Amino acid sequence: MGKYYSPEGGLPPQTHLTTERAIVTEAYTVIPKGVMTDIVTSNLPGFNNTRSWIIARPISGFATTFSQLIVEIGPGGGAPKAEFEAGVEGVIFVTRGTVNLALDGELHQLEEGGYAYLAAGSEWGLENVSDDVVSFHWIRKAYERLEGYEAKSFVTNEKDVEPTSMPDTNDVWKTTRFTDSNDLAHDMQVNIVTFQPGGVIPFPETHVMEHGLYVLEGKAMYLLNNDWVEVEAGDFMWLRAFCPQACYAGGPGEFRYLLYKDMNRQVRLT
């Protein structure tokens, strides 16, 4: 297994207990790693030798601004054209293996930790030319254009982006930001948040941003609305806007998660 957790699929035996940690409420949802089995995957149009776990999509009482998929492509698989909606932007973050990304006429190789922002209207596709599966997160959002600004595609790797320490935390809480929070060209961010053991969010954050959180590494106690929930690598959380959240990082290693949030746009009332 690599640095980041990726689902393995499979199916539990008939002797497996049916109680699990999945939670669905009006304010938040927890999808634990144990439910990501073979029988809950979906094929994707345009892809071959590929399956996906769709862990967030716009439906009543759930995500309103984005969808998130864990995609697994087998050797030789992929899609020459991955995104069919011209108004949709995307982010890819590779958690296992290596995949080739053809983006607006240029070829990029994304390894573990590879990150690509794919602007709305860009032409891109993926191909797994390795002998092993590749697994990555794909976050999609309808891009809200703003006059005078235009988000542009880029490719990088987590290891090439310096994390930023949160103020007055003695470096126990850092955020790896792949775009500038003040750049109004971007109406969303997909960041990586890192806590050292014992690090905390010391107050219940309550804000307008909707969140998708996928735990890449480690374990923690996470406050979701009024409930403290224990989460670990491989678990996914969705938090609606204004859902209070905080956390205590536990375990011997770092607690890290991939974080989606919408931002930088006025609230539409008409």
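I began with the overall dimensions, keeping in mind that this is a predicted model. The protein chain has a radius of gyration of 18 Å, and a compact globule with 270 residues would have one near 18 Å, so the two agree. I also checked the box around the C-alpha atoms: along the principal axes they fill roughly 55 × 45 × 40 Å.

Next, secondary structure. I found 21 strands and zero helices in the protein chain.

Then I asked how much of the protein chain is buried. Buried residues come to 50% of the 270. As for the surface, the protein chain exposes about 13100 Å², and carbon and sulfur atoms supply 51% of that area.

Charges were a quick look. I got 20 positive and 36 negative charges in the protein chain, and their mean positions are 2 Å apart.

On to the rings. My count came to 14 aromatic pairs. I picked out Tyr115 and Phe154, which are stacked, with 6.1 Å centre to centre and 15° between the planes. Tyr115 belongs to strand β8 (residues 114–118) and Phe154 to strand β11 (residues 154–157), so this pair ties together parts that are 39 residues apart in sequence.

Are the two partners buried or exposed? I put the cut-off for buried at under 20% relative accessible area. Tyr115 has 2% relative accessibility, so Tyr115 counts as buried. Phe154 has a relative accessible area of 23%, so I noted Phe154 as partly exposed.

I also wrote down an aromatic cluster, made up of Trp173, Phe195, Tyr222, Phe255 and Tyr257.

Last entry: a loop residue. Where does Asn182 sit? I found Asn182 in the loop between β13 (173–176) and β14 (188–195). With a relative accessible area of 68%, Asn182 is exposed, because anything over 50% counts as exposed. I then looked at Asn182 together with Met263: 81 residues separate them in sequence, and their C-alpha atoms are 9.8 Å apart in space.

Terms used. Residues are numbered from 1 along each chain as its sequence is written. This is a predicted model: local features need pLDDT of at least 70, side-chain atom pairs count only at pLDDT 80 or more; totals for chains, interfaces and linings use all residues. Side-chain values use heavy atoms; hydrogens and water are left out. Helices (H or I, at least four residues) and strands (E, at least two) are DSSP runs, numbered from the N terminus. The radius of gyration is taken over C-alpha atoms; the globule rule is 2.2 Å times the number of residues to the power 0.38. Buried means under 20% relative accessible area, exposed over 50%, partly exposed in between (1.4 Å probe, protein chains only). Accessible areas come from the Shrake-Rupley method with a 1.4 Å probe; for residues, only the protein chains shown count as cover. Lys and Arg count as positive and Asp and Glu as negative; His and the chain ends are not counted. The place of a charge is taken as NZ of Lys, CZ of Arg, CG of Asp or CD of Glu. Rings of Phe, Tyr and Trp (its six-membered ring) pair if their centres lie within 6.5 Å; planes under 30 degrees apart count as stacked, over 60 as edge-to-face and the rest as tilted.
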